[in-house]
Amino acid sequence: MGASRSSGTTDELGPDEDSGGGPPGSSADPRPPVGEDGTPGEPPGSDLLAALLDGMDAALCAFDADGTVTHWNREAERVLGWTAREAVGRAGFAGWAVRRADAEEVRARLMSAMDAPGRQVHEFALLRKDGGRVLVRTQSAGVRGADGKPAGVYCAFSEVHAQIDLERAIALSEALLEDASWGVVLVDVDLRPTVVNAYAARALGGGRTTLLGRPLGDLVVQGVEELEAALHHVLAEGAPSAPAEVWVTLRTAEGERRRCWRSGFLRLASPLTEEPVPLGVGWLFRDVTADRLAEQEADRLRFRTSQLHRAARTASECEDPMEAATSLLDFALAGFADHVLVDLVAGERLVRKAATPFDAPGPCLPVSGGGIPARYGPGHPALRSVERTGTVRTSAGAGDGAPSWAAERRWPRDAAHALCAVLRSRGRTLGVLTFLRAANRSAFERTDATYAETVAARVAGAVDLAQVTAGA
């Protein structure tokens with residue numbers, strides 16, 4: 001446990017003024033050891049031990065079996081202000097590092113570690129050199145001599161608030177990486193996961209160990225470019241000022257899933273180097289897919305309600321009921337579909353009465369000449385909608401070419417998704433509305449069918465009025 005004086009520590013067991021016989025270089029000899037050339041030197045290994053003691057982050061002191069301070073490192077000096085020269089050789093802490101009233105209790109608790117197994121943890125109020133008091137947490141353990149008998153005690157201590165801060169940091173990291181209510185992923189500079197907590201493992205569709213070291217592209221089908229770009233930006237520029245929302249498509253055992261993750265990023269740098277060396281990125285996220293889908297649905301509902309309101313006001317100003325019907329459809333198409341067809345029942349067949357242009361976007365207009373028979377084959381979605389008196393949804397299959405699929409059904413070539421809603425008024429089936437979407441849009445869903453049925457009910461009322469007025 002010896003250390004050199006040149007580094008601020010000493011290997012002596014008593015104060016400088018103590019003297020006594022003994023061989024040169026012994027603890028009782030005040031003279032420094034002599035080298036082979038006759039010049040003063042240091043005990044073997046003392047420079048290394050002094051460097052180790054002074055390089056410790058924790059304050060360290062040691063006592064011999066009589067309670068005399070034998071070692072005092074630079075961190076102890078920083079915490080309490082007493083230098084090694086002032087501390088080494090003193091009998092315990094009494095009168096300088098501890099109030100005299102507390103000195104005996106502190107000494108007894110520290111020296112009790114000499115005979116006790118393992119480490120003992122205590123908290124003391126110590127005195128700084130400037131007279132201030134500081135609460136420290138100590139870990140003390142006994143030291144055995146070569147003969148196995150108790151030879152002293154070493155004591156490592158730190159300010160309680162610093163120790164508590166460290167414990168909080170460790171506890172926080174362990175909690176985040178275990179059972180936090182949001183995902184935590186640590187990725188290295190190659191953007192491969194190195195630590196994944198339970199939430200993140202569930203979100204990514206794997207185990208906490210099976211995900212480690214795998215490229216993110218193995219887990220994310222779509223959106224991986226945006227995610228990796230964000231991670232690269234954090235490594236190069238630092239963390240963004242606000243969380244970001246990233247939409248991704250995951251590959252899972254049940255198929256592909258579309259998810260929205262609200263993500264925050266932290267650049268990780270080593271605290272052990274003078275210059276910050278990037279260790280990777282801490283990625284924290286929560287799955288907010290349900291919230292975002294609910295918001296999108298609410299926005300969609302508000303827009304469609306507004307469109308129906310505007311359509312009703314416009315239709316009420318039309319003298320011609322069929323013009324009112326096509327005006328309703330123009331408002332309904334916005335944001336909903338690319339094409340719309342109006343086929344009315346004429347005996348045993350359907351006749352095209354109005355439609356949007358097949359080759360380009362445009363308004364819904366009546367067919368010139370009074371109507372053309374729709375050449376629908378058996379099983380056509382429009383015919384099935386009339387037969388069922390209900391709504392039919394269909395889309396081109398994965399193996400079907402959208403143009404040929406649409407051409408077979410007498411629809412515009414860019415159509416890939418269709419929704420047929422029956423026109424009913426006064427208990428009679430008047431025809432069918434067909435809404436069509438191109439391949440770059442999603443298929444019609446159940447909520448879309450509800451909206452289409454609402455539009456069809458209003459159009460059916462206008463068509464019924466047109467038929468009544470035409471026959472009058």
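Reader: Which residues lie nearest the centre of the second largest pocket?
Author: D57, A58, F157, S158 and Q163 do, among 20 lining residues. A pocket is, on a 1 Å grid over the protein atoms alone, an open set of points where a 1.4 Å probe fits, with protein on both sides within 12 Å along at least five of seven lines; lining residues have an atom within 4 Å of a point. This is a predicted model, in which local features need pLDDT of at least 70 and side-chain atom pairs count only at pLDDT 80 or more, while totals for chains, interfaces and linings use all residues. Residues are numbered from 1 along each chain as its sequence is written, and side-chain values use heavy atoms, leaving out hydrogens and water.

Reader: Which element supplies the largest share of that lining?
Author: β5 does, with five residues. Elements supplying at least two residues each include β1 (59-64), α2 (74-80) and α5 (160-176). Helices (H or I, at least four residues) and strands (E, at least two) are DSSP runs, numbered from the N terminus.

Reader: And what volume does the second largest pocket have?
Author: About 430 Å³, where a volume is the space filled by probe spheres set on the grid points, which are joined across faces, edges and corners.

Reader: Changing topic, how many residues are in the largest nonpolar core?
Author: It has 36 residues, and L329, V342 and F435 are among those with the most contacts inside it. Such a core is a set of buried Ala, Val, Leu, Ile, Met, Phe, Trp, Tyr and Cys residues joined through side-chain atoms within 4.5 Å. Buried means under 20% relative accessible area (1.4 Å probe, protein chains only). The largest share of this core, ten residues, comes from α12.

Reader: What does L329 touch?
Author: Leaving aside residues up to four places away in sequence, L329 touches V340, V342, C364, L433, F435, V455 and V459. Contact means heavy atoms within 4.5 Å.

Reader: Why does C364 count as buried?
Author: C364 counts as buried because its relative accessibility is 2%. C260, at 0%, also counts as buried.

Reader: Finally, how many helices and strands does the protein have?
Author: The protein has twelve helices and 18 strands. Of its 472 residues, 40% count as buried.

Technical notes
Buried < 20%, exposed > 50% of the residue type's maximum accessible area, 1.4 Å probe, protein only.
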